[in-house]
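User: I am new to this structure and would like a close look at a single part of it. Which residues is the ligand surrounded by?

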Amino acid sequence: MVDIAAEPFDFTAKRDELALVVIDMQRDFAEPGGFGASLGNDVSRIARIVPDVKRLIEGFRRAGLPVIHTMECHKPDLSDLPPAKRNRGRPSLKIGDEGPMGRILISGEPGTAILPELAPVDGEIVIEKPGKGAFYATPLGGILQEMGISQLVFAGVTTEVCVQTTMREANDRGFECLLAEEATESYFPEFKRAAIEMIRAQGAIVGWTARVDDILKGIT
Ligand code: C5J
């Protein structure tokens with residue numbers, strides 16, 4: 001066991017039970033022409049965290065620890081897309097519409113892919129999820145249980161939507177959760193700040209947060 005410097009207090013990592021979960025680092029959220037941009041967001045904020053996410057992923061790979069990637073996406077026939085989600089936000093391009101990078105947030109389309117710099121390597125688990133939380137309607141819970149994982153480090157986007165939702169789901173399922181501060185981002189800086197504070201308030205009510213360097217120091 002090793003203590004990682006974190007807030008609100010050190011995170012005691014159990015190396016054999018630790019995995020990294022990278023949430024939705026997809027072209028649709030980080031590049032012009034995708035879903036994030038269709039909602040009117042400044043996607044350059046997301047693109048800026050790629051180097052920090054990359055060094056976290058590479059640190060986990062070097063340490064021989066599991067890296068799990070998630071992708072928010074839907075079936076081509078939209079059977080897993082509730083109308084309430086498709087119509088939300090009045091975007092210029094809705095989920096399933098044809099955009100400059102293919103159909104928005106549809107499995108297998110170019111824009112739905114994980115950013116090439118962060119692409120999964122052979123053997124890494126990729127979870128396609130129709131919801132904001134990565135446990136909803138996916139095999140993630142069973143996979144983690146089979147792997148003997150009890151602690152999750154989180155990176156990815158967006159902090160207050162899919163990352164925080166998944167951390168809350170994981171917390172309720174008994175996982176200890178640690179968010180990598182510079183390896184997550186929101187389209188709204190004030191939401192990122194607030195989400196980080198919410199997560200670690202009240203003695204880590206949802207989980208801990210830590211700097212990427214401190215996490216890497218703890219796992220090497
Ligand atoms: C959103 C996500 N924000 N991955 N998705 O719609 O956070």
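Analyst: Along the principal axes, its C-alpha atoms fill a box of roughly 50 × 35 × 30 Å. The model is predicted: local features need pLDDT of at least 70, side-chain atom pairs count only at 80 or more, and totals for chains, interfaces and linings use all residues. Numbering runs from 1 along each chain as its sequence is written.

The protein has nine helices and ten strands (DSSP runs numbered from the N terminus: helices are H or I with at least four residues, strands E with at least two).

Now to your question. Around the ligand you will find Asp 24, Phe 29, Glu 72, Val 157, Thr 158, Val 161 and Cys 162 (near means a C-beta atom, placed from the backbone, within 6 Å). This shell divides into four nonpolar residues, one polar residue and two charged residues (Ala, Val, Leu, Ile, Met, Phe, Trp, Tyr, Cys and Pro are nonpolar; Asp, Glu, Lys and Arg charged; the others, Gly among them, polar).

Most residues other than glycine have a negative phi, and most peptide bonds are trans. Asp 24, although not a glycine, has a positive phi of about 50°; you can find Asp 24 in the loop that runs between strand 3 (18-23) and helix 1 (27-30). Val 157 and Thr 158 are joined by a cis peptide bond, with omega near -20°. Thr 158 sits in the loop between strand 8 (151-157) and helix 7 (159-172).

Another cis peptide bond links Glu 7 to Pro 8, where omega is about 5°. To find Pro 8, look in the loop between strand 1 (2-4) and strand 2 (11-13).
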